[in-house]
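Biologist: I have not seen this structure before. Please take me through the labels used for it and the grounds for each.

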Amino acid sequence: MTTKDQENEKDTLNLIERDLETTDALHLPSTAKLWIYNKYITAKHRWFCNVYSVTEAFGTRADTICRKYLKKWCQIPIHCNHNILYASRKNHGLNLVSFSVMVKQGQCLKMDTERSSGDPRLRQLYKELLQYHPTSNYTFSKWAHQTEQYIRRTELDHMTDNSQTNTDNRGLGASKAKM
């Protein structure tokens with residue numbers, strides 16, 4: 001990771017914190033602030049996670065910053081478990097978006113894009129990344145990319161605990177009545 005990438009991550013973390021501070025200063029009910037976080041702040045910074053090569057540590061640091069404000073808005077004590085924030089509505093959670101999950105989704109999206117690109121240089125980059133990925137003990141073969149995608153998607157599903165990928169998109173504020 002280059003120093004430019006590290007600077008980009010640091011700047012993005014500062015922007016996330018600034019957006020959260022701005023939202024916190026608004027004279028709105030807590031549910032509206034949670035909605036702004038879930039629909040605006042995460043969407044605004046998703047592009048950074050999808051386009052740039054960000055580390056998983058970036059997602060963890062961003063989650064740490066966000067949890068402080070999310071717990072404040074939900075009136076959850078700081079030392080309590082935060083899983084209710086990210087759990088699905090089906091599991092009686094708030095179904096909020098986590099930055100660490102967004103980073104994983106961005107990595108999967110980049111791998112899919114590089115694998116299926118029309119540009120031979122990107123396909124070569126994909127092969128090289130796959131060959132030297134720390135979790136792969138194999139060289140590039142016909143089926144290696146599918147195994148790598150399976151590993152990454154399994155990690156993503158495990159991280160989300162079925163809260164983001166296998167649930168409906170109703171999110172915060174949706175009624176429980178069947179439509």
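Modeller: This is a predicted model. By the rule for charged pairs, the count comes to seven salt bridges.

Biologist: What makes Arg61 and Glu9 a salt bridge?

Modeller: The closest N and O atoms of Arg61 and Glu9 are 3.2 Å apart. The rule asks for a side-chain nitrogen of Lys or Arg within 4 Å of a carboxyl oxygen of Asp or Glu, so the pair counts. Arg61 lies in helix α3 and Glu9 in helix α1, so the pair ties together parts that are 52 residues apart in sequence.

Biologist: Why is Glu9 called buried?

Modeller: Glu9 has a relative accessible area of 3%. Buried means under 20%, so Glu9 is buried. Arg61 is at 39% relative accessibility, between the cut-offs of 20% and 50%, and therefore counts as partly exposed.

Biologist: What makes Lys72 and Asp24 a salt bridge?

Modeller: Their side chains meet at 2.7 Å, N to O, and the limit is 4 Å. This pair links helix α3, where Lys72 sits, to helix α1, which holds Asp24, 48 residues apart. Asp24 has a relative accessible area of 18%, which is under 20%, so Asp24 is buried.

Biologist: Which residue forms a salt bridge with Lys104?

Modeller: Glu56 does, with the closest N and O atoms 3.2 Å apart. Lys104 is in helix α5 and Glu56 in helix α3. Lys104 is buried at 6% relative accessibility, whereas Glu56, at 42%, is partly exposed.

Biologist: How do you know that Arg67 has no salt bridge?

Modeller: The nearest side chain of opposite charge, Asp63, is 4.7 Å away. A salt bridge needs a nitrogen and an oxygen within 4 Å, so Arg67 has none, although Arg67 is buried. Arg67 is found in helix α3 and touches His82, Leu85 and Tyr86, leaving aside residues up to four places away in sequence.

Biologist: Why is Trp47 called exposed?

Modeller: Trp47 is at 54% relative accessibility, and exposed means over 50%, so the label applies.

Biologist: Which residues have the most contacts inside the largest nonpolar core?

Modeller: Leu20, Tyr37, Phe58 and Leu70 do, in a core of 25 residues. Helix α3 gives the most to this core, with seven residues. Leu20 touches residues including Tyr37, Ile41 and Trp73.

Terms used:
Residues numbered from 1 in each chain as written. Predicted model: local features only at pLDDT ≥ 70, side-chain atom pairs only at ≥ 80, totals over all residues. Heavy atoms only, no water. Core = buried A, V, L, I, M, F, W, Y, C linked by side-chain atoms within 4.5 Å. Buried < 20%, exposed > 50% of the residue type's maximum accessible area, 1.4 Å probe, protein only. Helix = DSSP H or I, 4+ residues; strand = E, 2+ residues; numbered from the N terminus. Contact = heavy atoms within 4.5 Å. Lys, Arg positive; Asp, Glu negative; His and termini not counted.
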